[in-house]
Amino acid sequence: MKVLVVGKGGREHALAWKLSLSPRAKKIFCAPGNPGTAAFATNVPIASDDIKGLVEFAKAEKIGLTVVGPEDALALGIVDAFKKEGLPIFGPSKLAATLESSKAFAKTVMHDANVPTADFKICDHPDQAKTWISTRRYPLVVKADGLAAGKGVIVCSTQEEALKAVERIMVKEEFGRTAGRQIVLEKRMVGQELSVLAIVSGRTIIPLEPCQDHKAIFDNDLGPNTGGMGAYCPAPLGTKEILDQVDTEVLVPTVHAMKRRRMPFHGILYAGIMVTGQGARVLEFNCRMGDPETQPLMMRLQTDLLDLLEAAVENRLDEFEGKISWDPRPAVCVVLAAKGYPGVVDKNHTITGLHEAAKLKDVQIFHGATRFDSRNIVTDGGRVLSVTALGDDMIAARAKAYEAVNLIKFSGMQYRTDIGLKALAPLPFPIKEITPEVVEEPVVEPEA
């Protein structure tokens with residue numbers, strides 16, 4: 001079978017790498033791919049938002065399965081376009097992908113399905129938002145409604161910060177005109193974040209191993225949010241009690257709610273969870289694999305990814321229930337970012353040490369924002385590389401990842417030094433005493 005992976009980041013590199021290990025993968029194509037995927041796949045110069053070009057390529061090459069990485073392509077309807085031509089593709093339809101492309105829509109689905117989440121208000125005008133903020137007596141989170149590359153969420157401690165966030169999103173349009181047309185204001189929750197990704201096909205929902213992402217740019221979760229500065233898997237925060245609650249109170253009700261809306265969900269349903277003293281609460285939904293969660297997940301996955309995704313596309317996913325195999329060792333991923341990220345970044349700096357780092361056992365260097373320049377690989381964006389390692393325990397996995405990090409150099413390189421430390425600390429709450437029935441009633445306006 002020929003396989004096409006759409007996208008060019010670290011997530012897509014990890015997916016293409018894992019798919020290439022399948023004995024059934026005759027040839028891997030990446031559109032557009034990156035210097036890392038070029039080592040084992042054929043990069044195709046077609047952008048991930050060129051839906052027509054991708055359809056034509058898949059038809060010409062007789063692609064047996066297409067796997068979509070970026071959310072933009074899903075929001076543009078790539079799955080609908082491929083299915084119209086009878087081309088097998090893994091991912092949700094354009095309508096179903098609205099769960100990610102509109103945070104306001106996701107909130108209304110959660111409200112209707114009684115999924116536990118924070119109090120919220122949807123606003124389509126800055127004055128309306130500012131008036132509502134002035135009546136709150138608790139910290140808020142301000143979210144751009146549309147896609148913003150993981151950066152459109154501003155966590156605020158004061159009313160002044162919340163008002164500035166509204167100005168940035170809706171007036172200055174820092175995250176784009178479309179993304180900021182509406183905003184979601186919600187009560188700030190206290191706890192730790194957990195990433196629970198599940199493969200969904202028909203009535204079958206199979207959660208993958210829980211991960212913990214690190215969104216803030218600096219150590220100790222300081223600084224602005226990013227697309228993700230590192231992740232580890234499995235996350236001890238994802239206890240059996242928490243995962244059972246996520247399954248029964250989040251994943252199942254959401255999938256059923258989407259079906260009732262005639263937007264049946266197929267693909268990856270990624271629930272961003274805040275684990276609080278009252279249990280799991282949903283922060284947001286994504287409709288694709290996470291970046292950087294995919295990198296440690298693919299390092300640990302032992303089941304043939306091609307077989308798994310093909311079964312999902314063909315509505316045979318139930319064959320894999322209880323049968324997905326994982327490497328028992330934990331994996332840690334450290335993102336190396338460019339100077340200036342998550343703002344305006346420096347580019348075109350030569351990267352050294354890649355060959356030496358790749359020689360380390362149980363280490364994979366997944367490329368994100370890189371490109372070829374003459375004989376060198378250079379930086380080409382914000383999150384440049386994802387250094388991912390396995391270890392016998394979390395301490396060993398961290399040590400191996402940072403050993404590889406220390407071999408890599410480029411001008412302005414920045415990264416967090418605390419990825420995985422939360423896994424070594426005591427859990428923040430007595431998880432076994434959770435009472436999921438205690439759910440705050442969401443505040444939702446009629447126009448939502």
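Which residue in strand 15 stands opposite Asp213? Ala231 does. Two bridges join strand 12 to strand 15 (residues 230-233), and the two strands run antiparallel. This is a predicted model.

**Confidence**

The protein chain averages a pLDDT of 93. A score of at least 70 is reached by 96% of the residues. Residues 432-448 need care in reading: pLDDT stays under 50 there. For this stretch the model has 31 contacts beyond four places in sequence.

**Nonpolar cores**

The largest nonpolar core holds 65 residues. Leu99, Ile273, Phe285 and Ile408 touch the most other members. Helix 9 (residues 240-260) gives the largest share of this core, seven residues. In soluble globular proteins, nonpolar side chains tend to be buried together.

Leaving aside neighbours within four places in sequence, Phe285 is in contact with Leu99, Glu100, Ala106, Met110, Val250, Thr254, Leu269, Tyr270 and Ala271. Two of these contacts, Val250 and Thr254, are also among the buried residues of helix 9.

**Helix 9**

Does the length of helix 9 agree with its residue count, or disagree? At 1.5 Å a residue, its 21 residues should span 30 Å. The end C-alpha atoms are 29 Å apart, which agrees. Helix 9 also has a kink of about 35°, centred on Asp247.

The buried residues of helix 9 are Ile242, Gln245, Val246, Val250, Leu251, Pro253, Thr254, Val255, Ala257 and Met258. They pack against helix 5 (98-101) and helix 6 (103-112). They also pack against four strands: strand 10 (192-201), strand 11 (204-207), strand 16 (267-276) and strand 17 (279-286). Arg262 follows helix 9 and has a positive phi, near 60°.

**A buried threonine**

Thr294 is found in helix 10 (residues 294-300). Is Thr294 buried or exposed? Its relative accessible area is 0%, so Thr294 is buried. Not counting residues up to four places away in sequence, Thr294 touches Arg11, Ala14, Leu15 and Met289.

**Backbone details**

| Peptide bond | Omega |
|---|---|
| Ala31 to Pro32 | near 0° |
| Tyr341 to Pro342 | about 10° |

Pro32 has its place in strand 2 (residues 27-32). Pro342 lies in the loop between strand 18 (331-337) and helix 12 (354-358).

Positive phi values also occur in loops. Glu173 is not a glycine, yet its phi is positive, about 55°. Its place is in the loop between helix 8 (159-171) and strand 9 (183-187). Glu173 is partly exposed, with a relative accessible area of 31%. Asn220, also a residue other than glycine, has a positive phi near 60°. Asn220 sits in the loop between strand 13 (216-218) and strand 14 (222-225). With a relative accessible area of 62%, Asn220 is exposed.

Definitions and conventions
Residues are numbered from 1 along each chain as its sequence is written. This is a predicted model: local features need pLDDT of at least 70, side-chain atom pairs count only at pLDDT 80 or more; totals for chains, interfaces and linings use all residues. Side-chain values use heavy atoms; hydrogens and water are left out. A nonpolar core is a set of buried Ala, Val, Leu, Ile, Met, Phe, Trp, Tyr and Cys residues joined through side-chain atoms within 4.5 Å. Buried means under 20% relative accessible area, exposed over 50%, partly exposed in between (1.4 Å probe, protein chains only). Contact means heavy atoms within 4.5 Å. Two strands pair if DSSP finds at least two bridges between them. pLDDT is the predictor's confidence in each residue, from 0 to 100. The expected span of a helix is 1.5 Å times one less than its number of residues. The bend at a residue is the angle between axes fitted to the seven residues ending there and the seven starting there.
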